[in-house]
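Have the model open while you read.

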Amino acid sequence: MNTMSQFAFDVDSSNFQQIVIEGSKQAPVVVDFWAPWCGPCKMLKPILEKLAAEYGGKFILAKINSDQNQGLAAQFAVRGIPSVKAVYKGKVVDEFSGAIPESAVREFLERIIPSPAEELRAQAAAQRAAGDLAGALQTLAEASNLDMKNEKVRLDAAEILIEIGQIDEARRLLDSLSPLTRMDARASQLIARLNFARAQGGDEAALRARIEAAPEDMDSRLQLANLLVAQGRHAEGMDELLAMIERDKNWNEGVARTTMLSVFNLLGTDPRVAHYRRKLASALN
């Protein structure tokens with residue numbers, strides 16, 4: 001193996017797995033498919049080598065002679081050279097073809113190199129998985145200080161805050177999201193979780209007793225439905241909401257229906273959603 005620098009390597013099938021696939025688990029790998037006869041390749045390769053040294057390990061440059069490694073070129077669907085593919089965590093995440101100026105290469109690199117905030121997000125995820133929720137929140141706070149515009153950091157923190165019962169702080173974070181992010185599936189799910197979390201401490205037996213004594217007590221029925229969903233008993237909660245809709249679908253401005261839609265957001269792609277959507281449509285008609 002001919003190593004041009006500690007961050008740039010000549011790669012073939014013998015070291016491809018180690019440098020490109022395994023290496024991409026630590027940092028993005030920029031794979032440059034070139035050939036000796038290719039004029040534009042001779043213009044691009046020195047730029048890539050210079051930037052690999054300048055960035056000091058934030059990415060690794062893997063140079064592949066496509067004439068000598070046609071199998072690898074076919075694997076990456078290379079149709080013309082130079083062809084540059086960015087591999088991160090084992091997957092192609094970005095690419096470009098042809099010789100482009102250094103400024104454009106720098107823009108490409110900025111897109112593929114994880115920001116310090118993203119690296120801290122990954123660290124926080126590992127801390128959370130290990131049960132260190134306080135440590136994860138501290139790491140996410142550092143990430144937010146580095147990149148205050150990164151709304152994924154706020155979503156991560158809000159999820160942990162809901163988990164540990166800091167509902168008001170979680171709501172503050174979710175309320176600070178941009179309208180576009182609030183429409184994202186994960187944000188919608190967290191907002192729904194937050195709305196149900198307040199019902200967690202209700203008294204199920206007392207609510208059921210009140211409903212038995214006064215079946216028309218819709219407020220108690222709604223509290224019970226929220227409590228059941230908050231406890232993760234989603235189907236039971238949705239059944240209560242359907243019972244409310246069948247009794248009076250317009251009660252309190254149709255809150256049972258809007259609550260049902262919040263449960264759907266909470267469940268995301270859960271197959272029960274389609275089943276209960278049909279039930280809801282039937283109950284409303």
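F76 is buried, with a relative accessible area of 10%; buried here means under 20% relative accessible area, exposed over 50% and partly exposed in between, using a 1.4 Å probe and protein chains only. F16 is buried too, at 6%, and F33 counts as buried at 0%. A quick word on provenance: this is a predicted model, where local features need pLDDT of at least 70, side-chain atom pairs count only at pLDDT 80 or more, and totals for chains, interfaces and linings use all residues. Residues are numbered from 1 along each chain as its sequence is written, and side-chain values use heavy atoms, with hydrogens and water left out.

Now the rings. Those of Phe, Tyr and Trp (its six-membered ring) pair if their centres lie within 6.5 Å; planes under 30 degrees apart are stacked, over 60 edge-to-face, and the rest tilted. That rule gives four aromatic pairs, including these:

| Pair | Type | Centre to centre | Angle between planes |
|---|---|---|---|
| F16 and F76 | edge-to-face | 5.8 Å | 80° |
| F33 and F76 | tilted | 5.5 Å | 50° |

F16 lies in helix α1 (residues 16–22) and F76 in the loop between α3 (70–75) and β5 (83–88), so their pair ties together parts 60 residues apart in sequence. F33 belongs to strand β3 (residues 29–34), so its pair with F76 ties together parts 43 residues apart in sequence. Helices (H or I, at least four residues) and strands (E, at least two) are DSSP runs, numbered from the N terminus. F16, F33 and F76 form one aromatic cluster.
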